[in-house]
Amino acid sequence: QLQLMESGGGSVQSGGSLRLSCVVSGYTISDTISNLCMAWFRQAPGKEREGVASIGSDGTTSYIESVKGRFTISKDNAKNTLYLQMNNLKPDDTAVYYCAADMRTYTGYDRLLSRRYNYWGQGTQVTVSS
């Protein structure tokens, strides 16, 4: 059973930056973060949860259009940690951000669908003021 713990949220002004981290634990000896499909989702008040960025076990990444060029997803396999670097933040980015993981392999748009993921963190709040 995997456990995911996010950190790094906070309040910033429009144009600012934040880096979110998600530490993964609960592995068996044979598993590593390198084998996981992982993603960042966000949910704003009154809105559905949406996939923001994903990274596959092969290292390929996917982003929703609204964050392309501003957000970067990455992972450090040695530290069992997923990151989301967020630059040039906008008020519309305000939401609770969740990391998610799954042991199955997905590609492309599938990796940004919440129903593809079995493991979730508790979320971290990001607030961007204008």
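User: Which residues in the largest nonpolar core touch the most other members?

Analyst: This is a predicted model. A nonpolar core is a set of buried nonpolar residues joined through side-chain atoms within 4.5 Å. In this structure the largest such core has 32 residues, and L84, M86 and Y97 touch the most other members.

User: What does Y97 touch, leaving out residues up to four places away in sequence?

Analyst: A contact means heavy atoms within 4.5 Å. By that criterion Y97 meets E6, L20, F41, R42, V52, F71, L84, M86, G123, T124 and V126. L84 and M86, on this list, are also named with Y97 among the residues of the largest core that touch the most other members.

User: How many helices and strands are there in the protein chain?

Analyst: The count is 0 helices and 11 strands. Read from the N terminus, the order of elements is β-β-β-β-β-β-β-β-β-β-β. The radius of gyration is 14 Å, close to the 14 Å given by the globule rule for 130 residues, so the chain is as compact as a globular protein of that length. The C-alpha atoms fill a box of roughly 45 × 25 × 25 Å along the principal axes.

User: What share of the contacts between residues at least 6 apart in sequence join residues at least 24 apart?

Analyst: Sequence separation sorts the contacts. Here 59% of those contacts join residues at least 24 apart.

User: How many of the residues count as buried, and what does the chain expose?

Analyst: Buried means under 20% relative accessible area. Of the 130 residues, 44% fall in that class. The chain exposes about 6,600 Å², with carbon and sulfur atoms supplying 46% of it.

User: How many positive and negative side chains are there, and how far apart do the centres of the two sets lie?

Analyst: There are 13 positive and 11 negative side chains, and the two centres lie 2 Å apart.

User: Is L18 buried or exposed, and where does it lie?

Analyst: L18 lies in strand 3. Its relative accessibility is 13%, so L18 counts as buried. Beyond four places in sequence, L18 touches G8, G9, G10, V12, L84, Q85, M86, L89 and V126.

User: What does G10 touch beyond four places in sequence?

Analyst: G10, in strand 2 (residues 10-13), touches L18, Q125, V126 and T127. At 22% relative accessibility, G10 counts as partly exposed. G10 and Y27 are 17 residues apart along the chain, and their C-alpha atoms are separated by 29 Å.

User: How is a positive phi to be read?

Analyst: Most residues other than glycine have a negative phi. N80 has a positive phi, near 50 degrees, and N88 has a positive phi of about 50 degrees.

User: Where are N80 and N88 placed?

Analyst: N80 is in the loop between strand 7 and strand 8 and is partly exposed, with a relative accessible area of 23%. N88 is in the loop between strand 8 and strand 9; N88 is also partly exposed, at 42%.

Technical notes: Residues are numbered from 1 along each chain as its sequence is written. This is a predicted model: local features need pLDDT of at least 70, side-chain atom pairs count only at pLDDT 80 or more; totals for chains, interfaces and linings use all residues. Side-chain values use heavy atoms; hydrogens and water are left out. Helices (H or I, at least four residues) and strands (E, at least two) are DSSP runs, numbered from the N terminus. The radius of gyration is taken over C-alpha atoms; the globule rule is 2.2 Å times the number of residues to the power 0.38. Buried means under 20% relative accessible area, exposed over 50%, partly exposed in between (1.4 Å probe, protein chains only). Accessible areas come from the Shrake-Rupley method with a 1.4 Å probe; for residues, only the protein chains shown count as cover. Lys and Arg count as positive and Asp and Glu as negative; His and the chain ends are not counted. The place of a charge is taken as NZ of Lys, CZ of Arg, CG of Asp or CD of Glu.
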